[in-house]
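User: Got a fold I'd like to talk through. Can you start with the ground rules, then the sheet?

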Amino acid sequence: MTQINEARTRSTAGRRPVGKVRPADTRRHHRALILQQLVDEGARSRADLARETSLTRVTISDLVAELIDEGFVSELGTRPGTHMGKPATLVGISEEAPVTIALDLSAAGQLSGGVVDLDGHILAREQVPFVRGDDVSVISDLAIRLRTATTRRILGVGIGTPGIVDADGTVVLAPNLGWTDFDLAGELSTAIGLPVHAGNDANVAAVAESAFGAGDDGGLLLLTVGQGVGGGVMIDGRALSGPLQSAGEIGHVVVDPNGRQCACGNRGCLETFLAAPALRQLDNDAARAEVGTRLASVLTPVVTTLGIADVVLYGPAELLEGALLDAVRSALAHQTLPFVAQRVQIRLAPLDDELVLTGAAALVRYRELGVV
């Protein structure tokens, strides 16, 4: 999500090209300003857009006409309550605007996919089995089926996957899927003939929670609990990635050196306790509370060091709520400053929110349109 990171804290009016740019780049930037304002604020008049983006009315008129021709924007009629002078015609994101195919590999043993519109609404959805060793044809077959589920133009394909993923969509390392230096985006794009953008599942979920949900992107840590355990971190509106693209990989912090073998090669990683398959083996609240205490020991230094106020666990509620979540809250409260403990919110995000799917769609929206 590195490319998304750079834009999230800038106000719409303040987004301007930096340095020498080609006219085509400037035009793309100005189109993105208009679309961003319509996504963020809803229907606007052309005069509103000129004032809010600081673009000239001539430029706004030209670009809005172009976006209407391409199906992204439509005229919605006059502003209600207008009584004096010529009524302003409102424009907004078209109900037939291009959509994204989004794919989610975060859950144990399954691949989820959906057709997602520009506002993050899932219009169609399907699940298929997917396990370690399956090849990209399983993914491409689902994408192709979803492609036929809509008559609208496809903007591209986004995929959220466990593991370390670079900016080009190569999975550098995903132990649970058996992938190393796997060009996921490239192979999938070749198979289906569409632009493909891939990102770490927790990173895209964190962006989705801040863009479409209740997440505090000033300081948000989102943990995905599924086939493995990942983390996405938002600070001051930016998703952290770091030079190794591994920020948030707390699932492979060792919490018991004598513990079970992890898929990464170490023993006793947090993931060996907290991943959904491991949690399903627990049969009492005491065991779940112990896992919650281990999780808190990993969360506490991250929360304290980065000043995070919003911690979100995104996974099966039946495994995470109750004894485990209570233990996380209690242990963290005793392991950090009272000032921090009193202000940190630790909560669950239901799987029904489909954060990885909508986050994968947000990745495509940004890469293809410049809209965050």
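Analyst: Pairing first: two strands pair if DSSP finds at least two bridges between them. Helices (H or I, at least four residues) and strands (E, at least two) are DSSP runs, numbered from the N terminus. This is a predicted model, where local features need pLDDT of at least 70, side-chain atom pairs count only at pLDDT 80 or more, and totals for chains, interfaces and linings use all residues. Residues are numbered from 1 along each chain as its sequence is written, and side-chain values use heavy atoms, with hydrogens and water left out.

User: Which residue in strand 5 is the bridge partner of I101?

Analyst: V115. Strand 4 (residues 99–104) and strand 5 (residues 110–116) run antiparallel, joined by five bridges.

User: What is the strand order of the open sheet?

Analyst: The order is 6-5-4-7-11, five strands with mixed pairing. Strand 6 (122–129) and strand 11 (196–200) are the edge strands, each pairing on one side only. On average, neighbouring strands are turned by 20° against each other, direction ignored. Axes here are lines fitted to C-alpha atoms, for helices over the stretch in contact, and angles run from 0 to 180 degrees between N-to-C directions.

User: Which strands does helix 6 touch?

Analyst: Helix 6 (residues 184–192) packs on the sheet against strand 4, strand 7 (154–161) and strand 11. Its direction makes about 150° with that of strand 11. Contact means heavy atoms within 4.5 Å.

User: And where does helix 14 lie?

Analyst: Helix 14 (residues 355–369) lies across strands 4, 5, 6, 7 and 11, at about 130° to strand 7.

User: New topic. At what angle do helix 2 and helix 4 cross?

Analyst: Roughly 80°, with the axes of helix 2 (residues 23–41) and helix 4 (residues 57–69) coming within 10 Å. The two are therefore roughly perpendicular (65 to 115 degrees). Helix 2 contributes R27, H30, R31, I34 and L35 to the contact, and residues of helix 4 there include I60, L63 and L67.

User: How many cavities of 30 Å³ or more are there?

Analyst: Two. A cavity is a set of points on a 1 Å grid over the protein atoms alone where a 1.4 Å probe fits but cannot get out; lining residues have an atom within 4 Å of a point.

User: What lines the second largest cavity?

Analyst: T100, D117, L118, F212, A361, A362 and R365. Helix 14 gives the most, with three residues.

Technical notes: Parallel < 35°, antiparallel > 145°, perpendicular 65-115°, else oblique. 1 Å grid on protein atoms, 1.4 Å probe; cavity = no way out; pocket = protein on both sides within 12 Å on 5 of 7 lines; lining within 4 Å. Points joined across faces, edges and corners; volume = space filled by probe spheres on them.
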